[in-house]
Amino acid sequence: MKKLLLIILLLGSSPAWAATKLYLFDCGHINFPDVSSFGLSNEETSVRDLFVPCYLIEHDGKRLLWEAGLPISMAGKPLHESQPGMWVEYKKSILDQLADMHITPGDIDFTAYSHFHFDHVGAANAFTQSTLLIQQTEYDAAFLNAKDNPIFDPALYDKLHNSSIQILRGDHDVFGDGAVKIVSAPGHTPGHQVLLLNLENTGALMLSGDLYHFEASRRLKRTPVFNTDAAETISSMAKIEALLSETGATLWIEHNKTLADTLRKAPAYYD
Ligand SMILES: [Zn+2]
């Protein structure tokens with residue numbers, strides 16, 4: 001009996017993030033023959049392919065979906081030019097990939113997207129039963145003023161308007177125990193945010209959103225021409241770099257396809 005009590009006490013004292021699992025899904029890729037709109041010359045990087053990720057985080061019986069990939073209407077089609085100068089390919093939709101793991105949209109407690117561009121909210125409309133975690137400024141841009149922000153495509157997320165929405169005003173501890181934090185990093189869009197995870201075996205890990213698209217963007221501190229505020233982006237880069245130093249976190253640039261090709265994909269996971 002004493003032994004059992006000791007085991008229970010030991011389990012109770014394990015770190016709060018011990019149960020956190022991070023799954024990475026291939027939610028397509030985008031090819032840009034010309035990358036100059038990202039604030040880089042075509043000579044400054046040889047990268048032309050951007051990976052498009054989706055992530056599922058499981059923590060103490062709760063689930064957070066971070067990023068919802070390319071539009072699900074693109075899934076299952078071969079590489080094609082979706083608009084001039086942009087080629088896309090999306091093999092299997094995130095909904096089908098979750099179904100392979102016996103997970104339905106109704107099983108997702110929270111959704112949060114780094115921002116509301118088409119390659120991050122492509123399946124958002126499927127998650128009307130989840131609570132959306134969104135910065136006030138992103139909510140205003142995506143839901144109230146989308147006409148002034150032509151990069152936003154409300155058809156991808158308009159069903160969320162009447163779903164459960166938790167408005168954020170800055171950084172937010174998702175599960176209340178420090179395991180998974182949304183960190184405000186505006187500039188790419190008005191309410192852009194990144195995700196900081198504390199994983200027991202992997203360590204601290206930061207998911208970049210579109211703070212940087214390329215390693216060269218980070219090295220050279222370049223901002224895409226389509227960012228809503230370049231100066232604000234540079235401030236966010238400074239904030240996040242300081243946080244990376246402070247926490248010792250590894251940064252995954254989400255669109256880095258070379259990196260993504262080396263990472264485990266669901267149903268394998270990081271913990
Ligand atoms: Zn993106």
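Trainee: How many bridges join β1 to β5, and which way do the two strands run?
Mentor: Three bridges join β1 (residues 21-31) to β5 (residues 86-90), and the two run antiparallel. Strands here are DSSP E runs of at least two residues, helices are H or I runs of at least four, and both are numbered from the N terminus. Keep in mind that this is a predicted model, where local features need pLDDT of at least 70, side-chain atom pairs count only at pLDDT 80 or more, and totals for chains, interfaces and linings use all residues. Residues are numbered from 1 along each chain as its sequence is written.

Trainee: OK, and what stands opposite His 29?
Mentor: Glu 89, in β5.

Trainee: What's the strand order in the open sheet?
Mentor: Eight strands, in the order β4-β5-β1-β2-β3-β6-β7-β8, with mixed pairing. Two strands pair if DSSP finds at least two bridges between them. At the edges sit β4 (77-83) and β8, each pairing on one side only.

Trainee: Which helix packs on the sheet, touching β7 and β8?
Mentor: That's α3, and its direction makes about 100° with that of β7. Angles run from 0 to 180 degrees between N-to-C directions, with axes as lines fitted to C-alpha atoms, for helices over the stretch in contact.

Trainee: Which of the α3 residues are buried?
Mentor: Glu 138, Tyr 139, Ala 141 and Ala 142, in a helix that covers residues 136-144. Buried means 20 or more other C-beta atoms within 10 Å of the residue's own, exposed means 12 or fewer, and partly exposed is in between, with C-beta atoms placed from the backbone. Their cover includes β7 (131-135) and β8 (165-168).

Trainee: Switching to the core: which residues touch the most other members?
Mentor: Tyr 55 and Ala 124, in the largest nonpolar core, which has 68 residues. Such a core is a set of buried Ala, Val, Leu, Ile, Met, Phe, Trp, Tyr and Cys residues joined through C-beta atoms within 7 Å. Strand β2 (residues 49-59) gives the most to this core, seven residues.

Trainee: What does Tyr 55 touch?
Mentor: Leaving out residues up to four places away in sequence, Tyr 55 touches Leu 22, Tyr 23, Leu 24, Trp 66, Glu 67 and Leu 207. Contact means C-beta atoms, placed from the backbone, within 7 Å.

Trainee: And where does pLDDT stay under 50?
Mentor: Over residues 6-17. The chain's mean pLDDT, the predictor's confidence in each residue from 0 to 100, is 94.

Methods. Contact = placed C-beta atoms within 7 Å.
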